[in-house]
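Have a look at the model first, then read on.

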Amino acid sequence: MNFLDKLRAAERLNGSLLCVGLDPEPTRFPARLQGDASRIYDFCARIVDATADLAIAFKPQIAYFAAHRAEGQLEQLMEHLRRNAPQVPVILDAKRGDIGSTAEQYAREAFERYGADAVTLSPFMGFDSVEPYLRHAGKGAFLLCRTSNPGGADLQGQRLAGVEGEPFLYEHVARLAQGPWNVNGQLGLVVGATYPAEIERVRALAPTVPLLIPGVGAQGGDAVATVRAGWRADAPIVVNSSRAICYASNGDDFAEAARREATRTRDALEAAKGKA
């Protein structure tokens with residue numbers, strides 16, 4: 001099953017548009033785990049087990065593992081996901097962006113070492129920085145398009161004088177992902193929930209590609225506005241919430257609290273589909 005089919009199957013099975021982001025920060029762990037980087041796997045596995053039937057995808061952010069020399073724990077977590085939540089695709093949030101043989105190695109890292117179903121990429125260096133990932137049959141790649149951070153507009157919101165119609169850079173990326181770069185139907189786009197008007201514009205330019213939408217929850221993105229702008233019955237959206245779910249409680253009930261928050265967010269997103 002390719003990534004897009006797996007995504008659609010998870011949406012149907014779990015009735016969900018919610019992606020649970022896994023950003024383990026040991027200083028925010030509950031008291032008995034707090035500050036202990038050797039317990040990253042334990043913390044994340046508990047979150048996974050509590051939310052696996054509520055998610056359309058999981059999204060571990062690689063930097064939170066690498067900063068603590070916990071790549072081995074990430075491998076362990078990926079195995080846990082394959083064993084205990086095989087129906088839920090995993091997007092490795094790595095935001096890689098390099099060319100040639102280096103990109104080939106990053107692709108091997110994401111898809112062979114970690115066994116991810118998809119990865120996030122920066123398209124800034126052009127198609128030859130994306131193409132090595134597309135050689136991995138059935139895998140997906142989400143290109144940064146209009147990101148949720150305030151500084152995203154510094155480049156993404158600039159017009160391209162050398163392109164017909166002088167589109168914004170993010171609009172040009174959306175057209176490339178919908179068209180000539182999407183040679184095997186493996187591409188998606190990252191668009192921040194904090195900019196619903198831009199989500200709507202990206203969806204108009206890329207009507208069939210999946211959208212990964214971070215920013216709901218701690219970053220303040222509105223779930224209803226996000227779904228109205230991006231969701232279409234034939235074009236999936238993957239709405240990510242990380243900190244609001246992972247750190248819903250700093251007590252021993254952190255997994256139960258994560259489930260409650262994930263349920264609340266999942267249900268809000270599903271209700272918004274009826275208003276889209």
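## A helix tucked inside

Of the 12 residues of helix H2, 9 are buried, so H2 is largely enclosed by the rest of the structure. Buried means under 20% relative accessible area, using a 1.4 Å probe and protein chains only. Helices (H or I, at least four residues) and strands (E, at least two) are DSSP runs, numbered from the N terminus.

A quick word on the source: this is a predicted model, where local features need pLDDT of at least 70 and side-chain atom pairs count only at pLDDT 80 or more, while totals for chains, interfaces and linings use all residues. Residues are numbered from 1 along each chain as its sequence is written, and side-chain values use heavy atoms, leaving out hydrogens and water.

So what covers the buried residues of H2? The cover includes the elements below, judged by contact (heavy atoms within 4.5 Å).

| Element | Residues |
|---|---|
| strand E1 | 18-22 |
| strand E2 | 57-60 |
| helix H4 | 71-84 |
| helix H12 | 254-273 |

Among the buried residues of H2 is Phe43, which touches Phe29, Pro30, Leu33, Cys246, Tyr247 and Phe254, not counting residues up to four places away in sequence.

Now for the strands. E1 and E2 pair in the parallel sense over 4 bridges (pairing takes at least two DSSP bridges), and Gly21 stands opposite Lys59 in E2. Both faces of E2 are covered: Ala57 and Lys59 are buried on one side, Phe58 and Pro60 on the other.

Methods
Buried < 20%, exposed > 50% of the residue type's maximum accessible area, 1.4 Å probe, protein only.
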